Amino acid sequence: MAIKILTEHINVPGIETFDVYRQKGGYTAVEKAIKTMTPEAVVEEAKKSGIRGRGGAGFPMGMKWGFLAKPDGVPRYLVCNADESEPGTFKDHHLMKSIPHLLIEGMIISSFALGANKSFIYVRGELMYVIRILEKAIEEAKAKGFLGKNILGSGYDLELIVQSGGGAYICGEETALLESLEGKRGNPRNKPPFPAVKGLYQSPTVVNNVESIANMPWVINNGGEAYAAIGIGRSAGTKLISASGHIEKPGVYEIELGVSVEEFINSDEYCGGVRKGHHLKALVAGGSSVPILPAHLIMKTANGEDRLMSYESLSDGGFATGTMLGSGGFIVFDETACIVRNTWNFARFYHHESCGQCSPCREGTGWMEKVLHRIEHGHGSMHDIDLLVDISKKIEGNTICPLGDAAAWPVASAIRHFREEFVWHITNPKEASLPGAVYQGAMELV
Amino acid sequence: MTETPNLVAFTPERLEKVKEIIARYPEGRQKSALLPVLHVAQEQWGWLSSEVMDYVASILSLEPVEVYEVATFYTMYHLEPVGKHVIEYCRTGPCCLMGGEDIYGYLKQKLGVEPGETTKDGLFTVKEVECLAACGWGPVFQIREKYYMNLTRERVDEIIDELSK
């Protein structure tokens, strides 16, 4: 049985309550950290663990903590990014609703490490029912002395606040999130200064994803080195994968990093295979913004090596033949899926979600949506394919925040790997624009 | 110029809730309460009229424009009257892979409305939204705080029947 750091107790009846969570060893890591460790020692364990940001960027969490400025007399903040909105990603939703105390315990440990006395969990507003679950759990933890003034008699104070968003994908970008938390539109900030120096209320701030923080109780109980020993190479630990699309068992799975993609898709422990009677056509491995891969590059890299669920293996080959682990939003497409239609759908998403601050993104996402719409609906021309590539290149790298890149990559990669499908739409407009029409050409399936 | 009396006001319970929200933030940072307070306002009035937004601005000591610019940026705030039940369905890729287009088409046909419209009896407003972070349980729609997942045509019938009672 594979190791479970986050989900070992997730199906225990009543685990959402303090008492059951406590019976299962919950809050022992808070006791250990606050009673026996210095904040610096906790940061050191996070560094040793090698855990990388689980929101998508994959930046080492301990190093991020190390950048936090500590000027005298200025409050420091920890903000948990629970604005999960990347299409294909629903792991944080699952974790918070099922085992809220795991995140709260992680927040206490992490806040202690960073010297924060007021910390926030910014949850997307649509998940109001999850916000209520978290608030209830916080009340319980407070009543038991794990939050509030003088936690466990240590003299350390922490107030934990759940903030509701208002519906905006862009607020998953950390500086947009901070703007939103200050009660403003979610327009990303120019960097530098980075949040570690000037973040929330112009004070030093760390923003971490839910899953990243939820790993901290285990790291403290078992040590950073033990965490680093799990996984493969620089992909330390486990990862929650949100599996959706054309598979037998959609859901959230915790994997040890380094499991093969083939095992993840086909094993009954995970996806249970592509849905019966169908074949694998394409995969988006890490949320809608990462490059889509065609069947022949999913199980094996271009060099013929087994493709693994790790940061390094998924990106093997660069964007030419690889992709990214991203947020772990694993979307599986079988032969009934139309790549052009899906690409248009994703382009519409990014156009809708662009904050409008940078022209290349504001205008470019709209152009891509329009051009893809006309190809999908039988009004495209051959010139449109190169036009899409051109627009995507002009967005990529030319915006304040990564939403521009996130919008450009799915379009560019779909054309890179499925160009003939776009050509078919353009040369067979009547047939291609029929509802449910899918290219049946020489596409390789697995 | 005569002062016009406030025609809108939070119920006493909601006003308490709003005060509790404002108290969460450091001194002088009450603007941080804006998004949560707008949710409370929408809970009470169903949508955010300019009168409601002006009222929220006065409570948080903000300029009205600070409220308008936020309310118009975020998709959850309704800026026009809505029906008793607002059905917000996810139109993003993974839900569509799970048959979302068929289910939502059926929903719209059943209610006789397009996205943004309200049924004549004022019971249902249908809205298209982007990813609701429930991709493995799609197709999905949300009505107020509740998620309805793994939707089928039969399930849509049941939900609409239930809410029509």
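Predicted model: local features only at pLDDT ≥ 70, side-chain atom pairs only at ≥ 80, totals over all residues.

On the side of H6(B), the contact is made by Ile103(B), Tyr106(B), Leu107(B) and Lys110(B), while H7(B) brings Arg153(B), Val156(B) and Ile160(B). By class, the residues of this contact divide into five nonpolar and two charged, with no polar ones.

Stepping back to chain B as a whole, we find seven helices and four strands, which follow one another along the sequence in the pattern α-α-α-α-β-α-α-β-β-β-α. The C-alpha trace of chain B spans about 55 × 35 × 25 Å along its principal axes, and 37% of the 165 residues count as buried. If we take the contacts in chain B with a separation of 6 or more, 57% of them are accounted for by residues 24 or more positions apart. Chain B is divided into domain 1, covering 12-71, and domain 2, covering 85-164, and the C-alpha centres of these two domains of chain B lie 29 Å apart.

Now to chain A, which is divided into domain 1 (18-229), domain 2 (233-334) and domain 3 (339-432). Between domain 1 and domain 2 of chain A, the C-alpha centres lie 27 Å apart, and 20 residues of domain 1 are in contact with 21 residues of domain 2. On the domain 1 side of that contact, helix H5 (91-98) and helix H11 (224-228) of chain A each supply at least two residues, and H5(A) gives the most, with three residues. That side of domain 1 of chain A has six nonpolar, nine polar and five charged residues.

Chain A also holds an open sheet of four strands in the order E3-E2-E1-E4, with parallel pairing. Its edge strands are E3 (159-164) and E4 (205-209) of chain A, each of which pairs on one side only, and neighbouring strands of the sheet are turned by 20 degrees against each other on average, direction ignored. Strand E1 of chain A, residues 77-82, pairs with E4(A) in the parallel sense over five bridges, and Tyr77(A) stands opposite Thr205(A) in E4(A). Helix H7 of chain A, residues 128-143, lies across strand E2 (118-123) and E3 of chain A, and runs at about 170 degrees to E3(A).

Finally, the two chains meet in a contact that takes 46 residues from chain A and 34 residues from chain B. Among the elements giving two or more residues to the chain A side are H7 and E3, together with helix H8 (174-181) and strand E7 (238-245) of chain A. Which element gives the most to that side? This is H15(A), with six residues. Taken by class, the chain A side divides into 17 nonpolar, 22 polar and seven charged residues.

Key: Residues numbered from 1 in each chain as written. Chains lettered and ligands numbered in written order. Domains from an automatic or database assignment. Pairing = 2+ DSSP bridges. Axes fitted to C-alpha atoms, helices over the stretch in contact; angles between N-to-C directions. Contact = placed C-beta atoms within 7 Å. Nonpolar A, V, L, I, M, F, W, Y, C, P; charged D, E, K, R; others polar. Buried ≥ 20, exposed ≤ 12 C-beta atoms within 10 Å, placed from the backbone.
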